[in-house]
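Subject: Structure handover

Hello,

Below is the structure I said I would pass on. My notes on it follow, with the cut-offs given where each term comes up.

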Amino acid sequence: TSNGGDLLENIFLFDVYHDKKMGDSKKSLAYKITFQAKNRTLLDNEIDDIMIIIMKSLKDNYNIKQR
């Protein structure tokens with residue numbers, strides 16, 4: 001969660017999917033991620049930049065891929 005910075009409000013896992021076609025050791029996880037600033041409206045590019053950092057960290061540290 002440190003990669004989400006101060007704007008990361010909440011992360012909620014809402015779905016886990018397994019399929020033998022993906023492989024026995026793989027699964028698909030779906031998350032709802034909430035970002036919020038206390039004093040202003042966030043811009044799309046701010047969230048896009050944070051998501052790039054989060055996804056790079058997940059890929060580098062855990063070999064996680066975005067579908």
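**Salt bridges**

Asp-60 and Lys-56 form a salt bridge, with their closest N and O atoms 2.5 Å apart; the term stands for a side-chain nitrogen of Lys or Arg within 4 Å of a carboxyl oxygen of Asp or Glu. Before going further: this is a predicted model, in which local features need pLDDT of at least 70 and side-chain atom pairs count only at pLDDT 80 or more, while totals for chains, interfaces and linings use all residues. Residues are numbered from 1 along each chain as its sequence is written, and side-chain values use heavy atoms, with hydrogens and water left out.

Both Asp-60 and Lys-56 belong to helix α1, 4 residues apart, which is about one turn of the helix. Helices (H or I, at least four residues) and strands (E, at least two) are DSSP runs, numbered from the N terminus. Asp-60 is partly exposed at a relative accessible area of 48%, whereas Lys-56 counts as exposed at 51%. For these labels, buried is under 20% relative accessible area, exposed is over 50%, and partly exposed is in between (1.4 Å probe, protein chains only).

By the salt-bridge rule the count is 3. Another of them joins Glu-9 to Lys-38, with the closest N and O atoms 3.2 Å apart. That pair links distant parts of the chain: Glu-9 is in strand β1 and Lys-38 is in the loop between β2 and α1, 29 residues apart. Glu-9 is partly exposed, with 41% relative accessibility, and Lys-38 is exposed, with 70%. There is also a salt bridge between the side chains of Glu-46 and Arg-40, at 2.8 Å from N to O. Arg-40 has 41% relative accessibility and is therefore classed as partly exposed. As background, side chains of opposite charge can pair when their charged atoms come close.

**Overall layout**

The protein contains 1 helix and 2 strands, in the order β-β-α along the sequence. Along the principal axes, the C-alpha trace spans about 45 × 25 × 20 Å.

Of the 67 residues, 16% are buried. The protein exposes about 5900 Å², and carbon and sulfur atoms supply 50% of that area. Accessible areas come from the Shrake-Rupley method with a 1.4 Å probe; for residues, only the protein chains shown count as cover. Among contacts (heavy atoms within 4.5 Å) with a separation of 6 or more, 40% are between residues 24 or more positions apart.

**Core and surface patch**

Which residues make up the largest nonpolar core? The set has 8 residues: Leu-7, Leu-8, Phe-35, Ala-37, Leu-42, Ile-47, Ile-50 and Ile-54. Helix α1 gives the most to this core, with 3 residues. Such a core is a set of buried Ala, Val, Leu, Ile, Met, Phe, Trp, Tyr and Cys residues joined through side-chain atoms within 4.5 Å. Leaving out residues up to four places away in sequence, Ala-37 touches Leu-7 and Leu-42.

On the surface, Ile-11, Leu-13, Val-16, Leu-29, Tyr-31 and Ile-33 form a nonpolar patch, with about 470 Å² of accessible area together. The elements giving two or more residues to the patch are β1 (8–17) and β2 (28–35). Patches are made of residues with over 30% relative accessible area and no salt bridge; like charges are joined within 9 Å, and nonpolar side chains (Val, Leu, Ile, Met, Phe, Trp, Tyr) within 5 Å. Val-16, a residue of strand β1, is partly exposed at 40%.

**Single residues**

Ser-28 sits in strand β2 and is buried, at 14% relative accessibility. Setting aside neighbours within four places in sequence, Ser-28 is in contact with Asp-15, Val-16, Tyr-17, Met-22 and Arg-67.

Asn-39 is in the loop between β2 and α1 (44–62) and is exposed, at 68% relative accessibility.

Asn-63 lies in the segment after α1. Its phi is near 55 degrees, a positive value in a residue other than glycine. Asn-63 is exposed, with a relative accessible area of 57%.

Regards
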